[in-house]
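Let's take a friendly walk around a ligand and its surroundings. Have the sequence and the 3D view ready as you read.

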Amino acid sequence: MEKFSGKAIFKGVAVGKIVFGAKDKQQVRRTKIEDASAETQRFEEAKERALKELGSLYEKALKEVGEDNAAIFEVHSMLLEDEDFNDAIKDKIVNQQVNAEYAVAKTGDDYSEMFANMEDEYFRARATDIKDISERVISQLTGGTGLSALSEPSIIVAEDLAPSETIQLDKDKLLAFVTEFGSANSHTAILARTMNLPALIGVKIDKSWNGKTGIVDGYNGTVIIDPDNETIEEYKKIQQKDKEKRELLKSLKGKKTVSKSGKTVHLYANIGKPSDLGSVIENDAEGIGLFRSEFLYLDSKDFPTEEEQFSAYKKVAETMAGKKVIIRTLDLGADKQVDYFNLGQEDNPAMGYRAIRICLDRQDIFKTQLRALLRASAFGNISIMYPMIISVDEVRQIKEIISGVMDDLRAEGVKFKENIEQGIMIETPAAVIMSYELAKEVDFFSIGTNDLTQYTLAIDRQNSKLDNINDSHHPAVLRSIKTVVENAHKAGIWAGICGELGADTSLTKTFLEYGVDELSVSPSFVLPVRKAVTEAD
Ligand code: PEP
Ligand code: MG
């Protein structure tokens, strides 16, 4: 039994099998091998396992997202079985006497570059598929598991997880996350909280843990490898106690979120995709305060079509049956990257080409999303929210674009909510300073404290080295919240908080004093926040 420490980003305890996700390309080193035929055999076996994995992914996708979307996994299997591709890998192993990992990585890079330079759009798009399949084979070779094809509930241990990887994991098969890198305010951490999973970062991980039993203790920030029976029993008791606490909170279900002195707060939930709705309903959220629509893009191999987006938004609106559903338009960029967007490298992506900046530049993408949102608004109580706003001018540009989209829909005879509520996120110091003017332009404000803290304190939220001073309780952040709420009320609009700080119950009383009208939190925090509101004066 061995114990390792890290930093907990979500409380709770998990006991189960560890799956090591070795997908880091940098781990591929060129080494000289002695026995080329044994190495070729290693490659063949890894390829077979990768093909099997693709087969199960195809079946899963077929059930969950339909034949058209599942077809990509068939394409991947075909590419992986391509004779030229296989010959090129084996040729390197035999003639250059190199390890299979290197041969696959090098061949993958060569092929991917070749496809990327082709004239035909279809073939160009295959460049990322080639990268994907070679990474899948490499992770089989390095003993890591293709994370998207977990066969049983598991604790995921990885160097780092990108939001696009996390979102693809099968929630029912996840017990906890443990990573070496990543920061407490990253989107991967937010996803762990949305999924209600114990999670640790900053743990010195080891490949040899793969397949062993582990315990993740999100209270003490420790992971225990190969625990003895006594320790397992001890932790099962903690799990039982947690369950009892959750049961107690259930008594708050169906109750109003009102303080002792009668202040009412709208208590909503944050989600990333329609499948999060189960926990929204289970935790009795009064609506959706933030649907991070970019996760539809992160969970996709190509731009989600208008129809795909429409059906996701419609599903959320219908499931919430008339309750408010605030959908945030695309907030890609910074740590949320997708290959098909080709956003390119930037020196400072957090301050770069992201969110509304992309949408105002790539209006084709923005208009597709607005059409889908407006069409879905006919099926429930949808509001639209725009991220990363810095000026009144941006809001006016957005209004012009959406008004054009509305004209098109009207001309086509498509129904939508004419007076749809539109708001902005306040997550830049510029938006705080301009909040008086901005409030006159929109229907509501939602304060994104994750980014607002990052930009106010000039602390990269992705940088775990700064987690100790990344303090969202900083007076500058709290004063900003107060100012924004005051300016919203002066213009007669409402203001809420949808960043992680909204769930911080040590501040619930302060937020009530500021007059915050709404709090939107990860589903698992809805009932604890309701408890804090009902106990406040
Ligand atoms: C925020 O910045 O607080 C926010 C809610 O948006 P995101 O975390 O997705 O950047
Ligand atoms: Mg943000």
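In this predicted model, ligand 1 is surrounded by 16 residues, and the closest are Arg292, Arg328, Gly448, Asn450 and Arg461. What kinds of residues make up this shell around ligand 1? They divide into 7 charged, 5 polar and 4 nonpolar residues.

Some parts of the chain supply several members of the shell. At least two residues each come from α7 (187–194), β10 (288–292) and α17 (449–457). Of the elements, α17 gives the most, with 3 residues.

The table lists the protein partner and the distance for each one.

| Residue | Polar atom in the residue | Distance to an oxygen atom of ligand 1 |
|---|---|---|
| Arg328 | side chain | 2.8 Å |
| Glu427 | side chain | 2.9 Å |
| Asn450 | backbone | 2.8 Å |

How much of the accessible area of ligand 1 does the protein cover? On its own, ligand 1 has 280 Å² of accessible area, and the protein covers 100% of that. As for its location, ligand 1 sits in the largest cavity.

Next, find Asn185, which lies in the loop between β5 (174–179) and α7. Setting aside neighbours within four places in sequence, Asn185 is in contact with Ile190, Arg461, Asp467 and Asn470.

Conventions. Residues are numbered from 1 along each chain as its sequence is written. Chains are lettered from A and ligands numbered from 1 in the order in which they are written. This is a predicted model: local features need pLDDT of at least 70, side-chain atom pairs count only at pLDDT 80 or more; totals for chains, interfaces and linings use all residues. Side-chain values use heavy atoms; hydrogens and water are left out. A residue is near a molecule or strand if one of its heavy atoms lies within 4 Å of it. A polar contact is a pair of N or O atoms within 3.5 Å; within protein, one must be able to donate a hydrogen and the other to accept it, and residues adjacent in sequence count only if both atoms are side-chain atoms. Accessible areas come from the Shrake-Rupley method with a 1.4 Å probe; for residues, only the protein chains shown count as cover. On a 1 Å grid over the protein atoms alone, a cavity is a set of points where a 1.4 Å probe fits but cannot get out, and a pocket is an open set with protein on both sides within 12 Å along at least five of seven lines; lining residues have an atom within 4 Å of a point. A molecule sits in a cavity or pocket if more than half of its atoms lie within 2 Å of its grid points. Helices (H or I, at least four residues) and strands (E, at least two) are DSSP runs, numbered from the N terminus. Ala, Val, Leu, Ile, Met, Phe, Trp, Tyr, Cys and Pro count as nonpolar, Asp, Glu, Lys and Arg as charged, and the others, Gly among them, as polar. Contact means heavy atoms within 4.5 Å.
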